[in-house]
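Subject: The model I promised you

Hi,

Here is the structure we talked about. Have a look at it first, and then read my notes below.

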Amino acid sequence: MQEVNPKETTRAYAFEMWMKAPMPMVTFIKTLDVSHLRRISHRRGLKFNMLMCWCIGKAASQIKEFYMLPVGGKLMRYDTIAVNTIVANREGEVSSCDIPFCDDLLKFNADYLRLTLQVAETCENHDIADSMVIGTSALAHYDIDGAIGMYSGIFNNPFMIWGRYHRNWFKTCLTVSFQFHHAQMDGAHAALFLELLQKEISSLLKGSLIPGSR
């Protein structure tokens with residue numbers, strides 16, 4: 001990562017307007033159709049949460065604003081993206097695990113399984129300092145209609161929260177919240193991200209096979 005001059009980027013005005021705002025975070029809530037994702041998870045033996053995290057990384061990687069983040073009053077540009085997930089550890093508490101994003105779903109899955117197991121067993125967070133990290137929290141056992149993330153004033157990373165998905169005769173729906181720092185992106189960028197996320201979920205692995213999965 002490297003520091004960039006905000007005035008030399010498309011975030012110049014937003015950086016000036018929002019960096020010193022007492023509450024610079026914005027939250028969007030959207031209901032996604034995850035029917036295809038649930039089928040892929042069940043039929044091919046892949047974790048639903050892993051697939052969600054990969055789709056999040058895939059959608060974010062298509063929007064340049066995700067590669068910049070305000071950090072410590074400076075605007076930083078990153079070369080890579082990671083997706084964070086919260087892991088239940090062996091002590092009955094939770095730990096944080098950053099997964100490096102890559103276009104190769106098989107590699108991402110392998111990294112996800114390896115790193116989340118490592119974090120669960122050691123009870124130590126796995127942090128990737130040189131990637132722009134998208135935080136996630138999956139409350140998969142609970143029904144929630146929405147969530148507003150906390151702004152600590154320290155971490156400005158985008159963050160997603162979701163609960164249990166809901167099934168009916170025709171489709172499976174999942175309500176997600178997406179929080180972002182206004183200096184990093186505008187509402188239009190966030191809305192585009194959520195549209196791309198739905199697209200990635202609906203088209204995941206269509207017409208392809210994964211060796212070794214059921």
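Before the rest, some housekeeping. This is a predicted model, in which local features need pLDDT of at least 70 and side-chain atom pairs count only at pLDDT 80 or more, while totals for chains, interfaces and linings use all residues. Residues are numbered from 1 along each chain as its sequence is written, and side-chain values use heavy atoms, with hydrogens and water left out.

Back to Met 23. You'll find Met 23 in the loop between helix H1 (12-18) and strand E2 (25-33). (Helices are DSSP runs of H or I with at least four residues, strands are E runs of at least two, and both are numbered from the N terminus.) Leaving out residues up to four places away in sequence, Met 23 touches Trp 18 and Tyr 151, where contact means heavy atoms within 4.5 Å. Met 23 and Tyr 151 are 128 residues apart in sequence, yet their C-alpha atoms are 7.4 Å apart in space.

Now the helices, with H3 (residues 48-60) in each pair. H3 packs with H5 (residues 187-203) at about 130 degrees, the axes being 8 Å apart. That makes H3 oblique to H5. (Axes are lines fitted to C-alpha atoms, for helices over the stretch in contact, and angles run from 0 to 180 degrees between N-to-C directions; under 35 is roughly parallel, over 145 roughly antiparallel, 65 to 115 roughly perpendicular, and the rest oblique.) On the H3 side, the residues in contact include Met 52, Cys 55 and Ile 56, and on the H5 side they include Phe 193, Leu 196 and Glu 200. By class, this contact has nine nonpolar, no polar and two charged residues (Ala, Val, Leu, Ile, Met, Phe, Trp, Tyr, Cys and Pro count as nonpolar, Asp, Glu, Lys and Arg as charged, and the others, Gly among them, as polar).

With H4 (residues 105-122), the axis of H3 comes within 10 Å and the two cross at roughly 125 degrees. H3 is therefore oblique to H4 as well. Here Asn 49, Met 50, Leu 51, Cys 53 and Trp 54 of H3 meet Leu 105, Phe 108, Asn 109 and Tyr 112 of H4. That contact splits into seven nonpolar, two polar and no charged residues.

H2 (residues 35-44) and H3 have axes that come within 9 Å and cross at roughly 130 degrees. Leu 37, Arg 38, Ile 40 and Ser 41 of H2 meet Phe 48, Leu 51, Met 52 and Cys 55 of H3.

What about the inside? The largest nonpolar core has 50 residues, and Phe 66 and Phe 193 have the most contacts inside it. (A core here is a set of buried Ala, Val, Leu, Ile, Met, Phe, Trp, Tyr and Cys residues joined through side-chain atoms within 4.5 Å.) H3 gives the most to this core, with ten residues. Phe 193 touches, among others beyond four places in sequence, Ile 56, Phe 66 and Phe 178.

Last one: Ser 137 sits in strand E7 (residues 132-138) and is buried, because its relative accessibility is 15%.

Cheers

How values were computed:
Buried means under 20% relative accessible area, exposed over 50%, partly exposed in between (1.4 Å probe, protein chains only).
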